[in-house]
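Please open the model in your viewer and keep the selection tool at hand. The stops below say what to select next and what is there.

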Amino acid sequence: YEALLGATGIHRERDGHLTFGDPGEADRYKYRSAWAALNAFLDSTAGEAATVEDLYTHLMAPPVGLKEGPIPVLLVAALIARADDVALYETGSFVPRLDVPTMERLIRNPDLFALRSFNLRGPRQELAERLATALGGTPHAPRGLRVPSVVAAMRPLVTRIRAVPKYALQTRSLDPTTRAVRDAILAATEPDTLLFETIPACFGLPAFREKGTRGWIERLDTLVAGTVQALEVLESAMPTLLDTFAATISDTVGADRANLRGELRDRFGPLRSTLSDRSLLPFVSALTDEYLSDEEWLTYVAMIVHGNAPAGWSDDDAAAARRRLDDLLAKVRNLETMPGEVPDGVRVLRVGVTSPTGADTARTLWLSNDDATYLEGQAEKVLAFATNKLGTRGAEALLATLTLAVLGDPDTVTSESADRDPA
């Protein structure tokens, strides 16, 4: 560090900040010409990317004549100094962050890396800066010295999309615009083409040129807001998937969503020690967990239901998991026992149906006083309707019909369970 960066003045305080840059007028160690040649080479890549190997050849040839050893150190310093206007590519893919593993690969295999600089003007410059700010990009250059560029906008864009799970990167459940933005980013090889042509096209906008045309400011506002929203929708895809699991569990067992986990523990916790079908134990244990955070709990339940972590699911996996969840919830509800203690304001009833073949299905029902008060008036109307249409047998016919609709036909339920779990 001291020989190549500290003593040479390449890394020193400038305007109150420690930064990488020109060695300065003193140039005791004669590195200023090498630094200038390195930056001139980077500037020359504005039209077309050049390989790092080409840079080595350039700096090792006269008149610079550097040995190979210092070049990687100087290159990394220059990339940090110009992080907002010079892009690094590895095997053709944009590198959003120059971390230690990337630097090690860069030193070992310079032939796999390429460089390209971007010099923006007009609407493109404005778009790059607005997008970088909106996406939470952090400029590497000191305050007041930053040059808005494609790289400054591209870095947070790629970093955020790489952070979302595989499910979000392949699901078709997103709106068409979000899918178009996502797919454009994943398929992109050139940052400027992506930002100024491909993403605008996702919103039905024309490409952004260096010279503005009528209405370009309004189009810029639309593009920035739309891109931010698309990323937020993409990042929420996994939480949304897990939320559907929570909603399914809450609706199926008739539990209050606000106290879902507490109700699940109270109602199904006793099953953990009484289950005759031990294949249900992992699901019941996950359902009644009391230690994980809500997100971790839903992820765990989903993994137990499907067999694989939901972060890697396809849409087909998600659909299969929902069907399996319905099946498991129906089974544990049929096994739910009458509780030893019932909370105030709740009535608990055990309702069952037995068919002529001997097949039966049963359910423990939890009815809050509030729900009962709301439904009593409706029940009286429906009973009156049934009695009016069918006479004295109307009430029992209605009860039988509702019971089958809610609990299912015992013969059908038994047959379906056998088909799903032949063991």
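Select Thr227 first: it counts as buried because its relative accessibility is 0%, where buried means under 20% relative accessible area, exposed over 50% and partly exposed in between, computed with a 1.4 Å probe on protein chains only. Thr227 lies in helix H11, residues 216–235; helices (H or I, at least four residues) and strands (E, at least two) are DSSP runs numbered from the N terminus. If you leave aside neighbours within four places in sequence, Thr227 is in contact with Leu131, Leu157, Ile199 and Phe203, contact meaning heavy atoms within 4.5 Å.

Before going on, note that this is a predicted model, in which local features need pLDDT of at least 70 and side-chain atom pairs count only at pLDDT 80 or more, while totals for chains, interfaces and linings use all residues. Residues are numbered from 1 along each chain as its sequence is written, and side-chain values use heavy atoms, with hydrogens and water left out.

Next, select residues 260–268, which form helix H13, a mostly covered helix with seven of its nine residues buried. Those buried residues are Leu260, Arg261, Gly262, Glu263, Leu264, Arg267 and Phe268.

Now turn to the backbone. Most residues other than glycine have a negative phi, and most peptide bonds are trans. Asp15, however, has a positive phi near 50°; Asp15 sits in the loop between strand E1 (11–14) and strand E2 (17–20), and it counts as exposed because its relative accessibility is 67%. Thr91 also has a positive phi, near 45°, and is found in the loop between strand E4 (86–90) and strand E5 (93–94), where it is exposed with a relative accessible area of 57%. Then select Pro62 and Pro63, whose peptide bond is cis with omega near 10°; Pro63 belongs to the loop between helix H3 (52–60) and helix H4 (71–81).

Finally, colour the model by pLDDT, the predictor's confidence in each residue from 0 to 100. The average is 87, and 93% of the residues score at least 70. Over residues 139–147, by contrast, the pLDDT is below 50, although this stretch has 16 contacts in the model beyond near neighbours in sequence. Zooming out, you will find 19 helices and eight strands in the protein, and a C-alpha trace that spans about 105 × 55 × 40 Å along its principal axes.
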